[in-house]
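Dear colleague,

Please find below the structure that I am handing over to you. My findings follow directly after it.

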Amino acid sequence: GPARTAALVLDGRALAEDCASADLVLALMPVPRGRCRGAKVVDRFDLWRDGTHAVWLSENGIRIESVLSRQGDRPWVTKR
């Protein structure tokens, strides 16, 4: 299968280039939905809303899990 690439965006000026070339974009700033077509995105708001994320890049694709998705809908899980 194809190799997967990830980009860590530290400066918003690099976002367009990283969205065009990476399979996964990790951004420290908000990324408007639809801005990175073809790439999976974890941005500042995803981290704020869903907590830490774990990412797996493999020949079969990209899998992303957040702390909130693993905790589920339980009374002790904070809703944002």
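The chain of this predicted model contains 3 helices and 5 strands, taken as DSSP runs numbered from the N terminus (helices H or I, at least four residues; strands E, at least two). Read from the N terminus, the order of elements is β-α-β-β-α-β-β-α.

Local features need pLDDT of at least 70 and side-chain atom pairs count only at pLDDT 80 or more, while totals for chains, interfaces and linings use all residues. Residues are numbered from 1 along each chain as its sequence is written, and side-chain values use heavy atoms, with hydrogens and water left out.

Of the 80 residues, 29% are buried, meaning under 20% relative accessible area with a 1.4 Å probe, protein chains only (exposed is over 50%, partly exposed in between).

The largest nonpolar core has 12 residues, including Leu15, Cys19, Ala22, Cys36 and Ala39; such a core is a set of buried Ala, Val, Leu, Ile, Met, Phe, Trp, Tyr and Cys residues joined through side-chain atoms within 4.5 Å. At least two residues of this core come from each of strand E1 (6-9), helix H1 (15-21) and strand E2 (24-27). Leaving aside residues up to four places away in sequence, Ala22 touches Thr5, Ala6, Ala7 and Ala39 (contact: heavy atoms within 4.5 Å).

The model has 1 disulfide, defined as a pair of cysteine sulfur atoms within 2.5 Å. Cys19 is joined to Cys36, with an S to S distance of 1.7 Å. Cys19 lies in helix H1 and Cys36 in the loop between E2 and strand E3 (40-42), 17 residues apart. Both cysteines are buried.

Yours sincerely
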